[in-house]
Amino acid sequence: KAAFSNENVNELVRELYNQYKIELIEQTQFGQKRTKCNYYYFEKSVTKSEYDLKIIQHLAKLNGIGININRCNPKAGDPEGAFDVDFIPLHTGKKAIVEFMMKYDQVPYDNTFAFGDSGNDVEMLKTVKHGYLLGNATEEAKGLYDKVTISHYSEGILEVLKKCLVNSLN
């Protein structure tokens, strides 16, 4: 198995195109980092896209590269009809960071909060006691997780914090 590196990700992206005609478009607004490579996959037909995304996941796994694939959120500036394809080192990501911080800072589970707006946040939200999707979350995310605020963006965060504060005072 290979390991995560920009070179290995670039090789995987070339293989996807050359062998499977699956094109991933680099997300240049973020640039490629040492620990994350971001791409867009533009949806074809539903059937073709499901097939392509499974191939991408399979090849990433074979190469020892972690991956997050989620429908893009146009409300966050992403293009319509696309998926975020993020290649990351194995055993990293939002869930791993939250678990590490909870352990490192010895935060009791009952005092843990997290907020998100897309499918790549769901595993992190399940890791904490008070995990919520914001009202502006993607429909994909809302289909995967049912704790959703009524309000959008920071107003959704305030909604949860006020509710929890009131409950803790009672």
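**Aromatic pairs.** I searched the whole predicted model for aromatic pairs and got four. I looked at Tyr 41 with Phe 83 to begin with. Their ring centres are 6.3 Å apart and their planes stand at 50 degrees, so I logged the pair as tilted. Tyr 41 sits in strand E2 and Phe 83 in strand E4, so this pair ties together parts 42 residues apart in sequence. Are these two residues buried or exposed? Tyr 41 is buried, and Phe 83 is too.

I then took Phe 100 with Tyr 104. This aromatic pair is stacked, at 5.5 Å centre to centre and 20 degrees between the planes. Both residues lie in helix H3 (residues 94-104), four residues apart, about one turn of the helix. Tyr 104 has 59% and counts as exposed.

**Helix H1.** I tested the length of H1 (residues 6-20). At 1.5 Å a residue, its 15 residues should span 21 Å. The end C-alpha atoms are 20 Å apart, which agrees. Which residues of H1 are buried? I found Val 9, Leu 12, Val 13 and Leu 16. They cover an arc of only 95 degrees around the axis, which puts them on the same side of H1. The face turned away from that buried side carries exposed Glu 7 and Gln 19. I traced what the buried residues of H1 pack against: strand E2 (37-42), helix H2 (46-62), strand E3 (65-71) and strand E4 (82-89). Just after H1, I noted a positive phi of about 60 degrees at Lys 21.

**Cores.** The largest nonpolar core has 20 residues. Leu 24, Ile 56 and Phe 87 have the most contacts inside it. H1, E2, H2, E3 and E4 each supply at least two residues of this core. Its largest share, five residues, comes from H2. I listed contacts of Leu 24, leaving out residues up to four places away in sequence; among them are Val 13, Leu 16, Tyr 41, Ile 56 and Phe 87. Apart from this core lies another, of 11 residues, including Val 98, Ala 114, Met 124 and Ala 141.

**Ser 118.** Last, I looked up Ser 118, in the loop between strand E5 (113-116) and helix H4 (122-127). Its relative accessible area is 11%; buried means under 20%, so Ser 118 is buried. What does its side chain contact? I found a polar contact with the side chain of Asn 120, at 2.6 Å. Beyond four places in sequence, Ser 118 touches Leu 133, Thr 138 and Ala 141.

How values were computed
Residues numbered from 1 in each chain as written. Predicted model: local features only at pLDDT ≥ 70, side-chain atom pairs only at ≥ 80, totals over all residues. Heavy atoms only, no water. Expected span 1.5 Å × (residues − 1). Buried < 20%, exposed > 50% of the residue type's maximum accessible area, 1.4 Å probe, protein only. Arc of directions from axis to C-beta. Contact = heavy atoms within 4.5 Å. Polar contact = N/O pair within 3.5 Å; in protein donor to acceptor, adjacent residues only side chain to side chain. Core = buried A, V, L, I, M, F, W, Y, C linked by side-chain atoms within 4.5 Å. Phe/Tyr/Trp six-rings, centres within 6.5 Å; stacked < 30°, edge-to-face > 60°.
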